[in-house]
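The following note comments on the pockets of the structure shown below.

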Amino acid sequence: MLLKNRVAIVTGGAKGIGRAICLRFAGEGCDIVVNALHVEGARKVADEVKAMGRESLAIGADVSNSAEVNDMVEQTVKKFGKIDILVNNAGGISQATGGGIENTTDEDWDRIVGINLKGQFLCCRAVVPHMKKNRYGKIINVSSMGAIHPPAPIVHYHSAKGGVISLTSNLAFELARENITVNAILPGPVRSEFFTEMLKGMSEEEGKAFFKMLDNRVPMLRMGMPEEIAGVALFLASELSSYVTGESINAGGGLPLTPRDD
Ligand code: NAD
């Protein structure tokens, strides 16, 4: 058991990568606060965690709203008495239109940077005092390979994920002497509902071709699975990584290398 009796908050834990992290951590003995934008989705995963014999709390909160984030952290401390691990996983692009610089409205920029960068800042700011008190903490920020190797012009989202890399190294520097490690994961394309919006309006054939294109962009010639990102998160949440901080780990099947063309 790599996380026995630890307490973790996983944002965006209702599905995809976040859900896989919740279940992987629970399997290692961790109690889990499952956050999602809407509490119903979080409850389903919290029930799965409980069925594995661990404690769980479902909290609906928008990570880009500081009052909701602070309330989530207060509820966590009230129930569990501490926070050992924060996984800043909530994110995506489904709540915006556009992507190229000329189509990106002020509102889209603010919303997407709000969810994907400010949300991570707000969650870190809220948990750090509790981690400092115990002189223990593991913060894992989910960035994206798109921050350094964009597959398409999506300027708000990729810029926010680039900011996450910088947030990670800055917080790691600030918090190292408090025994709080801060690291980031950069997933390549992973099979999840992340792509749902992009698939809207595509036929089944077009959808298949879209996923095939994503497979072929990766040197390993396949998209990743949520569980493969959860494995990296487990390493960063456990004592296996006790002397690692400020790192941004590529988890992209070989990206940013280009695939062989033979
Ligand atoms: P997903 O769409 O399946 O899950 C995203 C989760 O974030 C959902 O549970 C959603 O409710 C939650 N969320 C969105 N906005 C939120 C908000 N404001 N407050 C609270 N929760 C919110 O996508 P996923 O693939 O599991 O994505 C997880 C993370 O991985 C995201 O940060 C995403 O940007 C990142 N990522 C995904 C991929 C990919 O290809 N799937 C690639 C690189 C990075």
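1. How much space lies in the largest pocket? The volume, the space filled by probe spheres set on the grid points, is about 1200 Å³. A pocket is an open set of points on a 1 Å grid over the protein atoms alone where a 1.4 Å probe fits, with protein on both sides within 12 Å along at least five of seven lines.

2. This is a predicted model, in which totals for linings use all residues. Residues are numbered from 1 along each chain as its sequence is written.

3. The largest pocket has 49 lining residues (an atom within 4 Å of a point). Gly91, Gly92, Ile93, Ser192 and Phe194 lie nearest the centre of this pocket. By class, 25 lining residues are nonpolar, 19 polar and five charged; Gly counts as polar.

4. At least two lining residues of the largest pocket come from each of α1 (16-27), β2 (31-36), α5 (155-175), α6 (196-199) and α7 (204-217). Helix α7 gives the largest share, four residues. Helices (H or I, at least four residues) and strands (E, at least two) are DSSP runs.

5. Domain 1 (7-188 + 227-250) and domain 2 (190-223) each contribute at least three residues to the lining of the largest pocket. The domain bounds come from an automatic or database domain assignment.

6. The second largest pocket has a volume of about 160 Å³ and 13 lining residues, with Gly224, Glu228, Ala251, Gly252 and Gly253 nearest its centre. Seven of its lining residues are nonpolar, four polar and two charged. Because domain 1 and domain 2 both give residues to its lining, the second largest pocket lies between them.

Key. This is a predicted model: local features need pLDDT of at least 70, side-chain atom pairs count only at pLDDT 80 or more; totals for chains, interfaces and linings use all residues. Side-chain values use heavy atoms; hydrogens and water are left out.
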